[in-house]
Amino acid sequence: MLAYLKAIVLAVIEGATEFIPVSSTGHLIIADEYIKLSENEAFAKTFMVVIQLPAILAVVVYFWSELWPFAKDPGERHMKFRLWTRIVVAFLPAAFFGFLLDDFIEEKLFNSVVVATALIVGGIVLIVLERRRPSTTILTVYDIGFRTALYIGLFQCLAMLPGTSRSAATIIGAMLLGATRPAAAEFSFFLAIPTMLGATVFKLGQLGAGFTVDEWSIIAVASVVSFAVAYSVVAVFMSYIQRRDFRPFGYYRIVLGIVVLIHYYWISTAS
């Protein structure tokens, strides 16, 4: 029962933070220091990867009408296929650099200090960006061109640094390139589909999946929770950015980063 409760807490964290600019990976790394899901390290790592899949599914379900490319109307069908080509272009940089650098990043950078520093820096960037907004020339995701998509994909590579946040990197990049908040957020969500799916398949291929029935049932329960929370967060977040800006997320990142640094140095001193 304790394992299920831990899994549910971690799934809530994943679903709540995956698509907002606060870094789900950073939160999960911090949570892992206090919530040890299992002594089976392979299972714990696979769990962290697999619960991303329901979050991806939540985005697909929420934006289904905008993403499904096989519309009856030829003009709408062309527009959606065009969008998907931009998503693929934006995905390629992270696929390339992720394949090359994954082992190095996981070995050297998955720690509290890196996460805290990235949280603080990203928070400052969000606040500065909102105070000095660039002019907007991209009103919807359908206005994003190939070059802009490629640049957003390069911004996404910054999220390989734990604590940066994939959504923060892509949203900031899109806004700097002239996208409105809703357009930047939507494209970030859409880009998450191939990016997270690719990363999940890659990780599962590395880790394997020879688990017990109980372990699979824990993953199943956590997956349901992750989907429900992610779907709710996406819905609330899209409503929020129609009326508000990203500064509260920036302040949250800074406060959380400072707390993590204080805690880390307190633990280091105590030991």
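This is a predicted model: local features need pLDDT of at least 70, side-chain atom pairs count only at pLDDT 80 or more; totals for chains, interfaces and linings use all residues.
For helix α1 (residues 2-17) and helix α11 (residues 213-240), the axes come within 8 Å and cross at roughly 30 degrees. With angles under 35 degrees counting as roughly parallel, α1 and α11 therefore fall into that class. The crossing of α1 past α11 is right-handed. On the α1 side, the contact is made by A3, Y4, A7, I8, A11, V12, E14, G15 and A16. The α11 side brings in D214, S217, I218, V221, A222, V225, S226, V229, A230 and V233.

The other pair is α3 (residues 41-50) with α4 (residues 52-62), packed at an angle of about 5 degrees with axes 5 Å apart. By the cut-off of 35 degrees, α3 and α4 are therefore roughly parallel to each other too. Here M48, V49 and V50 of α3 meet Q52, L53 and P54 of α4.

Turning to helix α9 (residues 166-176), ten of its eleven residues are buried, so the rest of the structure largely encloses this helix. The buried set runs through R166, S167, A168, A169, T170, I171, I172, G173, A174 and M175. Just after α9 comes G178, with a positive phi of about 110 degrees.

Then there are the rings. Searching the whole structure turns up 18 aromatic pairs. One of them joins F70 and F81 in an edge-to-face arrangement, at 5.5 Å centre to centre and with 80 degrees between the planes. This pair links distant parts of the chain: F70 sits in the loop between α5 (64-67) and α6 (74-108), while F81, eleven residues away, belongs to helix α6 itself. F81, at 36%, counts as partly exposed.

Elsewhere, ring pairs tie F19, Y62, F63, F189, F190, F227, Y231, F237, Y240, F246 and F249 into a cluster. Among these, Y62 lies within the residue range of α4 (52-62), and F227, Y231, F237 and Y240 lie within that of α11 (213-240). A ring also meets a charged side chain: R86 lies over the face of F146, at 3.7 Å from the ring centre.

Methods. Residues are numbered from 1 along each chain as its sequence is written. Side-chain values use heavy atoms; hydrogens and water are left out. Buried means under 20% relative accessible area, exposed over 50%, partly exposed in between (1.4 Å probe, protein chains only). Helices (H or I, at least four residues) and strands (E, at least two) are DSSP runs, numbered from the N terminus. Rings of Phe, Tyr and Trp (its six-membered ring) pair if their centres lie within 6.5 Å; planes under 30 degrees apart count as stacked, over 60 as edge-to-face and the rest as tilted. A charge sits over a ring if NZ of Lys or CZ of Arg is within 6 Å of the ring centre and within 35 degrees of the ring normal. Axes are lines fitted to C-alpha atoms, for helices over the stretch in contact, and angles run from 0 to 180 degrees between N-to-C directions. Angles under 35 degrees count as roughly parallel, over 145 as roughly antiparallel, 65 to 115 as roughly perpendicular and the rest as oblique. A crossing is left-handed if the near helix is turned anticlockwise from the far one by less than a right angle, and right-handed if clockwise. Contact means heavy atoms within 4.5 Å.
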